[in-house]
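Got your viewer open and a selection tool ready? Let's walk through this model one stop at a time.

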Amino acid sequence: MDCSDTGCSFQVSADTEKFLCDRLLDQNQPISERFRALFSLRNLRGPSPRNALVQATRDASNLLAHEAAFALGQMQDADAIPALKAVLNDLSLHPIVRHEAAEALGAIGLESIVGLLKNSLASDPAQEVRETCELALSRIKELKNTSPSKSSPFLSVDPATPASCSSAQELRGVLLNESNSMYERYAALFALRNLGGEEAISAIIESLGANSALLRHEVAYVLGQLQNKKASDALSQILRDGSEHPMVRHEAAEALGSIADDQCITLLEEFAKDPEPIVGQSCEVALSMLDFERSGKSFEVNLESEILNL
């Protein structure tokens with residue numbers, strides 16, 4: 001096992017690696033089982049896991065495809081750049097997938113990506129994709145001009161470096177100000193997340209009313225990281241709102257799965273059959289993760305021991 005700032009990579013047998021790749025790409029498997037394979041593969045390194053994740057970015061499930069792109073970004077694998085560029089440029093793909101490809105490119109953070117991101121910022125028809133390109137460009141610029149920041153306490157490669165301010169009130173002002181750049185607002189969001197406390201949580205919940213669907217979706221993601229029950233009502237309202245952007249409802253569902261009280265579970269069960277597949281599948285995966293947690297097992301495939309019993 002090799003641990004880095006953003007997580008751990010594992011060494012497994014060739015048979016296990018092949019099993020995980022095949023399971024990820026098998027469209028006959030339940031979406032929750034494919035996610036289990038994906039979560040295991042993101043802890044591996046090398047061409048086979050990378051190629052399986054790249055192939056998954058073209059999956060019929062937009063939820064799985066976007067999660068595969070996200071995983072490639074979190075792995076910060078520069079060899080995935082050509083495939084992520086192709087995903088970002090392919091306007092036939094769902095905006096949630098293209099958005100995640102842009103974020104992944106920003107997470108990898110190489111200057112060679114700048115030209116492509118600028119082109120997509122100027123021309124992509126989806127606002128959430130353009131805003132993600134703006135974020136990625138700002139992150140790459142910051143990486144060039146500053147020394148590397150400390151790793152996230154949540155073991156994630158964040159799309160913005162947390163702001164240095166330690167005042168929840170000041171950070172709230174930045175986060176809620178619609179005139180600020182998306183990067184400034186994201187930086188305030190992650191600073192509030194890291195700061196914690198009631199005032200910070202309240203400010204984050206308040207920002208669910210932002211105009212940008214991209215920002216609202218990231219706020220829901222952060223609330224899932226924090227697992228604070230104070231956010232349950234606001235997240236539940238988002239999941240129930242069929243007019244809300246699917247990427248926001250999807251993150252709300254996952255966040256509710258992280259909070260996991262009885263009210264959250266009941267709501268996830270209700271919306272597991274939502275007509276929007278991104279939302280319904282998110283609820284299904286969240287419920288499956290909870291089942292594993294309740295049984296004391298890891299949602300990730302239990303590698304050699306589990307595979308030998310199949």
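Helices here are DSSP runs of H or I with at least four residues, strands are E runs of at least two, and both are numbered from the N terminus. This is a predicted model, in which local features need pLDDT of at least 70 and side-chain atom pairs count only at pLDDT 80 or more, while totals for chains, interfaces and linings use all residues. Residues are numbered from 1 along each chain as its sequence is written, and side-chain values use heavy atoms, leaving out hydrogens and water.

**Stop 1: a loop residue**

Please select Glu111, which sits in the loop between helix 6 and helix 7 (114–123). Which residues does Glu111 contact, leaving aside its neighbours within four places in sequence? They are Ile140 and Lys144, where contact means heavy atoms within 4.5 Å.

**Stop 2: helix 5 and helix 7**

Next, show helix 5 (residues 81–89) beside helix 7; they pack at an angle of about 10 degrees, with their axes 11 Å apart. Axes are lines fitted to C-alpha atoms, for helices over the stretch in contact, and angles run from 0 to 180 degrees between N-to-C directions. Helix 5 and helix 7 are therefore roughly parallel to each other (under 35 degrees counts as roughly parallel, over 145 as roughly antiparallel, 65 to 115 as roughly perpendicular and the rest as oblique). Display the side chains of Lys85, Leu88 and Asn89 in helix 5, which meet Leu116, Leu117 and Ser120 in helix 7.

**Stop 3: helix 4 and helix 6**

Move to helix 4 (residues 62–75) and helix 6 (residues 95–108), whose axes come within 7 Å and cross at roughly 5 degrees. This pair is therefore roughly parallel as well. Among the residues making the contact are His66, Ala69 and Phe70 of helix 4, and Val97, Glu100 and Ala104 of helix 6. Colour the contact by residue type and you will find 10 nonpolar, 3 polar and 2 charged (Ala, Val, Leu, Ile, Met, Phe, Trp, Tyr, Cys and Pro count as nonpolar, Asp, Glu, Lys and Arg as charged, and the others, Gly among them, as polar).

Stay here and select His66, Glu67, His99 and Glu100, which an unreviewed UniProt entry lists under "binding site". These residues are spread over 35 residues of sequence, yet they cluster in space, with a largest C-alpha distance of 10.9 Å. His99 belongs to helix 6.

**Stop 4: another listed set**

Now select His217, Glu218, His250 and Glu251, also given as "binding site" in UniProt (unreviewed entry). Their largest C-alpha distance is 10.8 Å, although they span 35 residues of sequence. To place Glu218, look in helix 12 (residues 213–226).

**Stop 5: helix 13 and helix 14**

Finish with helix 13 (residues 232–240) and helix 14 (residues 246–259): their axes come within 8 Å and cross at roughly 140 degrees. That makes helix 13 oblique to helix 14.

Note on methods:
UniProt positions are given in the numbering used here, feature names are shortened, and annotations may be inferred rather than shown by experiment.
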